[in-house]
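Visitor: I am new to reading protein models. Could you walk me through this one?

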Amino acid sequence: MEPRSKLRKVILFCLLLSLFGMVAFGYFCPDQVCALSPRERVSESLALTYAEAPGRPLPDVIAQPGLSYDDVLHDDFRFDLDAHDVMVFLHIQKTGGTSFGKHLVMDLDLKRPCNCQRARKRCHCFRPHSNEIWLFSRYSTGWKCGLHADFTELTACVGGELDRHEGSAVHRRYFYITLLREPVARYLSEYRHVKRGATWKGSRHWCQGRTATASEVPPCYTGESWRGVTLEEFAGCPWNLANNRQTRMLADLALVGCYNGTLRHRTADTDRVLLASAKRNLAAMAYFGLTEFQKISQYVFEETFNLRFAVPFTQHNATVSGATLAALSPAQVAHIKRLNSLDLELYDYAKSLMLKRFEALKKRDTDFEFRWKHLGEVSPRSGVTEFDWDSNLEDATTEKYRGK
């Protein structure tokens, strides 16, 4: 009987060891290995409220909506157009996103290029062997998650919208990308755009299952638009969404009670949480570019995704916003910087991180000198996309944002 007793103990030990191994594997296994879908976002019921957030570390899981930059640097990585990889473009106003969005749908060297319909300003960006969508952006899907949807809106919306659009639930890998711009120049560009009549009234400001109320996001003007506004009036509205727009659009707003804790009830604590969240989310994205570093941004994108643009990005250092800035007094510039202090710190962080990534990619690229010299020279192409960062033609105030 003793040998049987020992055998039972051995079998029981093996079973317990196997069970422990399966539990440990499921807990520690990286998302990109164990499943195609990204890590699930924290339940809204568990997200930190504004009252809980100050003084506490930000949950890591919130900062990982898709595959990160570090994930895509693996030697065996490739953005798989034939599988279920989706690029999601977070388009922040007046950062050069209109031009970059056109590059994505018009100028990538692909086996199956996007089919663009000029009359509708929309392109069908399908996979080589199916009619599934690989690009979620303004010019490919329209404003499915709201006009200029931010991080909070996109991460809660993209999967469901693609499921509805394609008629089935699919396990996808998501790659979030965005552009940032020097904050003072971006702010002045938005001011000029609003002065011409832009409103972005179609923005939903969706967070934790509801749209922000009028008291949480009050308008700075009466009537249909703020056309003809002076810079003093624009900068004088304390809850102007232009202030620190890049930080707010990249942060997880659930951490500060959504819009209840970002505009009318702004404090040093909410500022700290928003900036920390925006930095973490930016660093976790698969890619971001900087408007002031077009060539570097193009190179980093191409090396990150192993995709090539058939045209070189053009650097426009002289913009209308630059001329506006030159005409301002030192006091006016200082005031704009105070209004955008979070964005200025975020941009400094982004610039440092971008240059580090650029240097790292250079070191591992044995053909860097040739690549750098011939960026955008894949093949002869006609209809090269032109940059115009301050144009208002592509952001009409009456543009509908869903399904177009």
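Predicted model: local features only at pLDDT ≥ 70, side-chain atom pairs only at ≥ 80, totals over all residues.

Visitor: What share of the residues in the chain is buried?
Guide: A residue is buried when its relative accessible area is under 20%. The accessible surface of the chain is about 19,700 Å², and 56% of that surface belongs to carbon and sulfur atoms. Of the 404 residues, the buried share is 50%.

Visitor: Among contacts between residues at least 6 apart in sequence, what percentage joins residues at least 24 apart?
Guide: Take the contacts in the chain between residues at least 6 apart in sequence. Then pick out those that join residues at least 24 apart. Their share is 76%.

Visitor: Are helix 6 and helix 12 roughly parallel or roughly perpendicular to each other?
Guide: Two packed helices are described by the angle and the distance between their axes. Helix 6 covers residues 183-195 and helix 12 covers residues 330-339; their axes come within 10 Å and cross at roughly 100°. Angles of 65 to 115 degrees count as roughly perpendicular. Helix 6 and helix 12 are therefore roughly perpendicular.

Visitor: Which residues make the contact of helix 6 with helix 12, and how many of them are charged?
Guide: Helix 6 brings Val 184, Tyr 187 and Leu 188, while helix 12 brings Ile 336, Lys 337 and Leu 339. Five of the contact residues are nonpolar and none is polar. The number of charged residues is one.

Visitor: Why does Arg 186 count as buried?
Guide: Arg 186 lies in helix 6. Beyond four places in sequence, Arg 186 touches Gln 93, Lys 94, Thr 95, Arg 181, Ala 242, Arg 245 and Gln 246. Arg 186 counts as buried because its relative accessible area is 0%.

Visitor: Which side chain does the side chain of Arg 186 meet in a polar contact of 2.7 Å?
Guide: The side chain of Arg 186 also reaches a backbone atom, the oxygen of Ala 242, at 3.0 Å. The polar contact of 2.7 Å is between side chains. The partner there is Glu 190.

Visitor: Which residue joins its side chain to that of Arg 371 in a polar contact of 3.0 Å?
Guide: Arg 371 sits in helix 14, residues 368-373. Its relative accessibility is 13%, so Arg 371 counts as buried. Leaving aside neighbours within four places, its contacts include Tyr 299, Arg 308 and Asp 365. The side-chain partner at 3.0 Å is Glu 302.

Visitor: How far apart in space are Trp 372 and Tyr 299?
Guide: Trp 372 is in helix 14, and it is partly exposed at 22% relative accessibility. Trp 372 contacts Lys 295, Ile 296, Tyr 299 and Phe 358, leaving aside neighbours within four places. Trp 372 and Tyr 299 are 73 residues apart in sequence. In space, C-alpha to C-alpha, the distance is 7.5 Å.

Visitor: What is the phi of Trp 200 near?
Guide: Trp 200 is in the loop between helix 6 and strand 6. Its relative accessibility is 9%, so Trp 200 counts as buried. Its phi is positive, in a residue other than glycine, and is near 55°.

Visitor: Is His 205 buried or exposed?
Guide: His 205 is placed in the loop between helix 6 and strand 6. Phi of His 205 is positive, near 55°. Its relative accessibility is 16%, so His 205 counts as buried.

How values were computed. Residues numbered from 1 in each chain as written. Heavy atoms only, no water. Axes fitted to C-alpha atoms, helices over the stretch in contact; angles between N-to-C directions. Helix = DSSP H or I, 4+ residues; strand = E, 2+ residues; numbered from the N terminus. Parallel < 35°, antiparallel > 145°, perpendicular 65-115°, else oblique. Contact = heavy atoms within 4.5 Å. Nonpolar A, V, L, I, M, F, W, Y, C, P; charged D, E, K, R; others polar. Buried < 20%, exposed > 50% of the residue type's maximum accessible area, 1.4 Å probe, protein only. Areas by Shrake-Rupley, 256 points an atom, 1.4 Å probe, with all protein chains shown as cover. Polar contact = N/O pair within 3.5 Å; in protein donor to acceptor, adjacent residues only side chain to side chain.
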